[in-house]
Amino acid sequence: MRDFSYLRADSIEAARNAAALPGAMLLAGGTTLIDLAKCGVAEPSTVIDISHIEGLNAVDVTADRAVIGALARMSHVADNPQVRNLFPAVSEALWQAASAQLRNMATVGGNLMQRTRCPYFRDPANFPACNKRAPGSGCSAIGGVTRGHAVLGVSEACIATYPGDLAVALVAFDAEVDLGERKLKVEDFFLAPGATAEQEHDIRPGEVITAIEIPGSAAARRSTYLKVRDRQSYEFAAASAAVGLELESDGRTVRDIRVALGGVATKPWRVRAVEDALRGKALDEAIVREASELAMEGAVDHGANHYKIALAPRVIARAILKLGETA
Amino acid sequence: MTVHDMKHAASDSARLEAVGGRLSRVDGPAKITGAAKYALEQQLEGLTHAVLVGATIAAGKVSAIDSRAAETAPGVLAVLTPDTIMELKGASDWLGNPSPQPTYNPLAREVTYSGQHIAAVVAETFEQAVAAAALVKVWYDETPAIVDLSDGKAGDGIPIDAMTKEWGDAEAAFAAAPVRICAAYNTPREFQAAMEPHGLIARWEGDALTIWEPSQWLDGMARTYAEWFGVPFENVRLVSPYIGGGFGSKALALAHSAVAAAAAKMLGRPVKLVLNRPQNFTSYGGRAATRQTVAIGADRDGRIQSIVHRGVNETAVDGMWVEPLGSVTSIMYATPNFSSKQNVVRVNTVVPGAKRAPGENPSAFGIECAIDELAHELGIDPLEMRLINYAEQDPHAKKAWSTRQLREAFAAGAEAFGWAKRSPQPRSMRDGRQLIGWGMAAGTYPVRRAHGEAVVKLLADGSVVVESSSIDMGQGTYTILAQTAAETLGVPVENVSVKLGDSHFARAGVTGGSRLAGVMTGAVYKAAGQALDELIGLALSDPRSPFQKLQANTLQVRDGRIASSRGEGPELSIAEFMAAVGREQIEAKGDTLPASTTAEERYANYTTIAKSIPHTEGDWSRHSWCAHFVEVRVDEDFGTVRVSRVVSALDSGRLYNPKLAESQWKGGIIMGIGQALLEEGIVDRRHGRIVNGNFADYMLPTNADIPDIQTISVGIPDPHSSALGGKGVGELAIVGIAPAIANAVFHATGKRVRDLPITLEKLI
């Protein structure tokens with residue numbers, strides 16, 4: 001950890017101005033930034049503490065939309081009765097993320113900025129090559145320990161998995177991230193590595209996430225987040241699925257369906273192929289399982305993560321069938 | 001040191017404070033409130049901070065180090081490299097064998113594993129030391145590394161003849177047996193993963209060295225420091241009042257310890273050095289990775305005719321660790337023919353070390369899975385299989401068991417678990433998509449014995465102080481020694497304060513191998529008995545004593561009050577009596593050694609393990625025993641395994657405090673669940689480096705992974721094992737949990753996973 005200067009921003013404007021400084025990084029809950037500073041990945045020259053800005057932690061939920069302030073704590077949002085009622089997948093994704101201690105500190109805005117858990121990314125002293133940290137230096141993960149690495153959205157530059165849960169649910173329900181001057185679909189806010197693995201988010205110097213907005217929908221109301229992992233708690237997903245379902249009045253034909261995957265892709269991964277295959281179909285286990293396989297189109301494994309290709313469709317299918325049973 | 005508050009809740013035991021009572025941990029309130037001061041929390045005037053620089057290659061030479069940038073960084077006091085650190089003398093090993101090298105350099109020029117310490121930066125603040133350590137530039141001449149047992153360059157290794165155990169003609173009998181199974185079982189590199197990191201504070205005052213360091217063995221580590229620096233043993237004081245988990249890892253002074261102590265000497269200032277979390281995975285050894293093959297030949301009625309066992313464990317290029325893989329294999333079942341042999345293979349790792357039940361733990365994984373495979377092959381219930389082959393005596397030592405309540409453990413565990421309702425066929429029990437499996441396994445751990453000393457002081461105010469250089473790493477030494485002293489002296493336990501963790505106290509050997517409770521309750525029992533004898537002798541003979549005129553042969557002390565056994569004459573509290581006879585204190589030192597023991601033998605007894613008493617000494621073979629019954633739920637789509645029920649019946653002999661023994665058993669079972677399902681040090685094969693050296697990626701069970709655990713004590717006092725009849729507790733319960741879970745997973749899924757951990761990709 002090297003020395004940095006510390007600024008406390010009292011307003012969004014002040015935060016934006018400071019965030020435009022070279023080498024500046026925002027501090028909210030600190031659960032990602034301090035961790036990455038300790039392992040030598042984050043080396044900010046200026047840390048801008050935005051955690052004291054008033055009015056950025058509100059959670060405002062109606063049937064039409066949820067507006068969640070960037071500084072709202074993960075545990076606070078997860079426990080919000082209206083979020084639980086109108087956006088159960090969002091609440092469930094938050095509850096299954098990290099640990100109780102981390103959820104009490106971490107903010108939802110900061111959560112969107114969470115970096116990958118790729119062990120090579122996190123250990124610059126031992127693995128200097130990492131295109132995310134040092135563009136053009138190469139990828140240490142390819143050919144290494146890849147059990148947790150992505151099978152979707154990968155490139156020759158990077159196979160690091162996007163680790164989060166919340167954003168998977170947000171992507172499923174067309175949520176937007178409010179950057180002040182701009183609003184972006186969360187799905188577009190996250191960038192697959194391509195040849196520019198260092199660019200993980202569509203965010204510009206001087207931009208600050210102020211809120212997340214999630215449109216209400218019947219599918220969001222009937223939704224779930226299923227996270228599969230070896231350890232019951234405090235582990236990143238081997239594969240996870242955020243699924244929302246709206247059925248016709250017959251109680252079995254799919255009117256609307258949303259599916260997104262976590263733990264298997266380089267960004268929160270919406271799988272429209274599965275949605276398209278099931279829209280208008282009657283829910284049936286064989287059909288759901290077959291459609292879920294479409295999620296793996298284009299999947300590429302690197303040996304130890306091969307199991308994810310078999311696992312992820314099963315997670316999707318289980319989540320859809322579970323929602324179908326609650327008809 | 002803290003005098004603990006004796007706060008204990010209502011209990012089902014009438015005499016909470018007596019040996020065998022369920023007294024809550026006396027150090028509990030201090031730990032919960034943060035009042036307990038751990039070694040590394042010591043605040044010292046002028047303290048400096050050292051941070052280590054680790055090798056980024058697994059094998060080769062350090063060709064150059066450029067430390068100029070670090071030396072001129074803010075706050076930096078010194079940069080130590082292999083060339084600039086002071087020369088230390090070679091120290092003898094834990095058996096007392098002298099070092100083959102006359103000198104010792106804790107910073108390596110020749111790198112034999114990734115993460116090995118090659119430099120250290122000392123600065124005024126921790127942050128300055130961290131920043132400067134990142135500026136140290138190192139160049140290497142790298143050579144190819146042998147990364148693990150499966151490396152093509154690893155070879156078959158070195159045969160360890162001392163591990164060979166053979167009787168009958170095992171190979172021929174196996175070949176002739178009508179039913180045979182043979183399979184290979186692997187366990188990965190595992191780590192102790194204690195919450196409290198390794199580290200120390202070292203301070204020199206002239207030739208006297210004080211070390212504050214979490215320690216499972218003050219006397220042994222003090223000896224190492226004394227030898228490194230060529231000072232008398234008495235000049236080294238080690239202080240370790242509490243230990244935040246050791247599990248075998250904190251018994252030795254290690255390279256980082258030497259660096260800190262040397263830096264303190266060179267700078268003339270106290271130095272604090274704490275390993276960061278990744279360094280805790282590379283600076284000392286965890287459990288060695290192991291490979292075993294177990295072949296069992298049996299009759300059709302399930303009677304074993306032969307066991308052929310071969311084992312391999314990894315060790316370091318420049319250090320030897322033998323994980324005794326035939327230890328359970330050779331004693332658990334009766335067999336007329338037996339052969340066990342073991343090799344070790346050198347790989348580029350830090351030398352492996354002790355982790356809870358070294359040897360017995362992986363050994364049981366092999367034999368207890370193999371027995372389950374044999375039972376399945378024969379269509380015999382796994383519990384019945386174990387009873388058919390019950391060993392009525394130690395099959396290897398050919399001696400009677402001192403006590404072996406294993407049959408009772410099988411019966412009590414099976415009854416409480418409902419084992420009789422098990423459907424024998426794999427995949428025959430389910431709940432929706434959850435496949436349910438019931439598995440079982442047995443476990444054992446030898447009774448390791450040694451000697452210890454204790455001082456018991458009766459003070460003028462009637463309070464009692466017990467002192468020992470033994471330690472409490474959570475297992476309950478503070479508590480059971482208070483109970484032992486209270487019961488022996490006849491005083492309320494609230495009046496007893498136990499002081500541990502200072503090498504200037506009465507001596508003790510290593511806290512490892514589940515020996516401490518048996519050793520130290522014996523020593524305190526003796527010391528307290530001597531103090532009581534002196535008290536009563538004084539009361540009967542001192543002219544100032546109100547009891548003198550009674551002309552009694554003896555007196556009794558109950559609830560801290562002295563009275564005649566016949567109920568006549570005066571009754572005084574100990575404080576009143578001490579005032580009456582004008583005594584400040586009565587002090588007695590007790591030990592468990594024969595009176596003829598020389599000073600040299602005593603030193604060897606406390607500072608090496610060479611004087612440990614074999615568990616098969618004399619006429620008896622002494623072991624703890626257990627039987628685990630486990631239910632798992634395996635998701636048939638996802639391959640995830642959750643343990644939903646554990647019932648374990650255990651024979652640790654007499655329990656000094658059942659509440660604390662149950663906690664230790666449960667701790668072992670929880671650790672075993674982690675071993676079975678989660679734990680694995682994952683090595684990048686190109687770099688020979690552990691890549692999951694942190695608590696997010698090295699998986700340990702969370703509360704959510706642990707079901708209710710029922711433990712049942714089936715032990716009886718074992719007079720051959722310890723002074724008060726107890727056998728080992730701490731390591732027993734982790735032995736057999738992993739095979740019980742693997743057997744349950746087979747029962748659930750029909751899939752036999754022989755490589756730990758049983759992660760989801762092995763089942764989908």
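**Exercise 1. Which domains does the domain assignment of chain B give?**

Solution. Before we start, a word on what you're looking at: this is a predicted model, where local features need pLDDT of at least 70, side-chain atom pairs count only at pLDDT 80 or more, and totals for chains, interfaces and linings use all residues. Residues are numbered from 1 along each chain as its sequence is written, while chains are lettered from A and ligands numbered from 1 in the order in which they are written.

Step 1: read off the bounds, which come from an automatic or database domain assignment. Chain B has domain 1 (41-144 + 195-281), domain 2 (290-447 + 616-762) and domain 3 (451-607).

Step 2: look at how domains 2 and 3 of chain B sit. Their C-alpha centres lie 39 Å apart. Across the boundary, 16 residues of domain 2 of chain B are in contact with 14 residues of domain 3 of chain B; contact takes C-beta atoms, placed from the backbone, within 7 Å.

Step 3: sort the domain 2 side by class. That side, in chain B, has eight nonpolar, seven polar and one charged residues. Here Ala, Val, Leu, Ile, Met, Phe, Trp, Tyr, Cys and Pro are nonpolar, Asp, Glu, Lys and Arg charged, and the others, Gly among them, polar.

**Exercise 2. Describe the sheet formed by E25, E26 and E27 of chain B.**

Solution. Step 1: get the order. The three strands make an open, antiparallel sheet running E25-E26-E27 in chain B. Strands (E, at least two residues) and helices (H or I, at least four) are DSSP runs, numbered from the N terminus, and two strands pair if DSSP finds at least two bridges between them.

Step 1: find the edges. Strand E25 (555-558) and strand E27 (571-573) of chain B each pair on one side only. On average, neighbouring strands are turned by 25° against each other, direction ignored.

Step 2: zoom in on one pair. Strand E26 (residues 561-564) of chain B is joined to E27(B) by three bridges, and B:Arg561 stands opposite B:Ser573 in E27(B).

Step 3: Axes are lines fitted to C-alpha atoms, for helices over the stretch in contact, with angles from 0 to 180 degrees between N-to-C directions.

**Exercise 3. How many residues of chain A are in contact with chain B?**

Solution. Step 1: count both sides. 22 residues of chain A meet 27 residues of chain B.

Step 1: see what supplies the chain A side. Its largest share, five residues, comes from helix H13 (residues 307-325) of chain A.

Step 2: The chain A side divides into 10 nonpolar, six polar and six charged residues.

**Exercise 4. Is A:Tyr234 buried or exposed?**

Solution. A:Tyr234 is in the loop between strand E9 (223-228) and strand E10 (239-247) of chain A.

Step 1: apply the cut-offs. A residue is buried with 20 or more other C-beta atoms (placed from the backbone) within 10 Å of its own, exposed with 12 or fewer, and partly exposed in between. A:Tyr234 counts as buried because it has 21 C-beta neighbours inside 10 Å.

Step 2: check the backbone. Most residues other than glycine have a negative phi. A:Tyr234 has a positive phi of about 55° although it is not a glycine.

How values were computed. Contact = placed C-beta atoms within 7 Å.
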